[in-house]
Amino acid sequence: MPSQRNTQSLEKAKVRLKAGKAFYFTDFTGLPVAKLEKLRRELKKNQGEYLVAKNTLGSLALKDFGLTEEKAGKFFVGATGIAIAYDDPVALAKILKDTDNLKIKGGFIEGEYFDAAAVVRLSQIPSKKVLLGGVVGSLNIIGNFVYTLESILRSLVYTIEAMKTKEVK
């Protein structure tokens, strides 16, 4: 019979996981407490959270998300931490990749399983802010192009008007 404490921990973990868009599984062995706390603060700044759960409770919590025991068993070996991304999965992947002594085991992003190599590749994608900045820059270029076309048409109209005025005189 599971203890009341474990049952409560399981329910809290399920609530946190349901709110997340992505989960990254990490091995934090060898990571000093000060760096772990710094990691938690950094994740929180980027709409994320770092959860350390017992392996059994973690695998039970992930069953609700369609992760089979076989796949969950790959993640929950040794010291396992779960980084939960509530907004931008790429930003959290970058933070985890750049943290020393933190080994990425894999991830579960919007219903899809990713191995450690795929999570590292994901971390190399530009962040959401950078991509949105590129879109805005592209719109600015389009605006400049429209302005240029408008000035060419204006010049054409003025030339035609000048020719018309010259013919009348």
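In this predicted model, helix H2, which covers residues 33–45, and helix H5, which covers residues 89–98, have axes that come within 10 Å and cross at roughly 165 degrees. Angles over 145 degrees count as roughly antiparallel, and H2 and H5 are therefore roughly antiparallel to each other. As for the handedness, H2 passes H5 in a right-handed crossing.

Which residues make the contact between H2 and H5? On the H2 side they are Leu-39, Glu-42 and Leu-43, and on the H5 side they are Leu-92, Ile-95 and Leu-96.

Let me turn to the backbone. Gln-47, however, has a phi near 55 degrees, a positive value in a residue that is not glycine, and Gln-47 sits in the loop between H2 and strand E2, the latter being residues 48–52. Its relative accessibility is 42%, so Gln-47 counts as partly exposed.

The other position is Asn-101, again not a glycine, with a positive phi of about 65 degrees. Asn-101 lies in the loop between H5 and strand E4, which is residues 103–109. Is Asn-101 buried, partly exposed or exposed? With a relative accessible area of 46%, Asn-101 is partly exposed.

Note on methods
Residues are numbered from 1 along each chain as its sequence is written. This is a predicted model: local features need pLDDT of at least 70, side-chain atom pairs count only at pLDDT 80 or more; totals for chains, interfaces and linings use all residues. Side-chain values use heavy atoms; hydrogens and water are left out. Axes are lines fitted to C-alpha atoms, for helices over the stretch in contact, and angles run from 0 to 180 degrees between N-to-C directions. Helices (H or I, at least four residues) and strands (E, at least two) are DSSP runs, numbered from the N terminus. Angles under 35 degrees count as roughly parallel, over 145 as roughly antiparallel, 65 to 115 as roughly perpendicular and the rest as oblique. A crossing is left-handed if the near helix is turned anticlockwise from the far one by less than a right angle, and right-handed if clockwise. Contact means heavy atoms within 4.5 Å. Buried means under 20% relative accessible area, exposed over 50%, partly exposed in between (1.4 Å probe, protein chains only).
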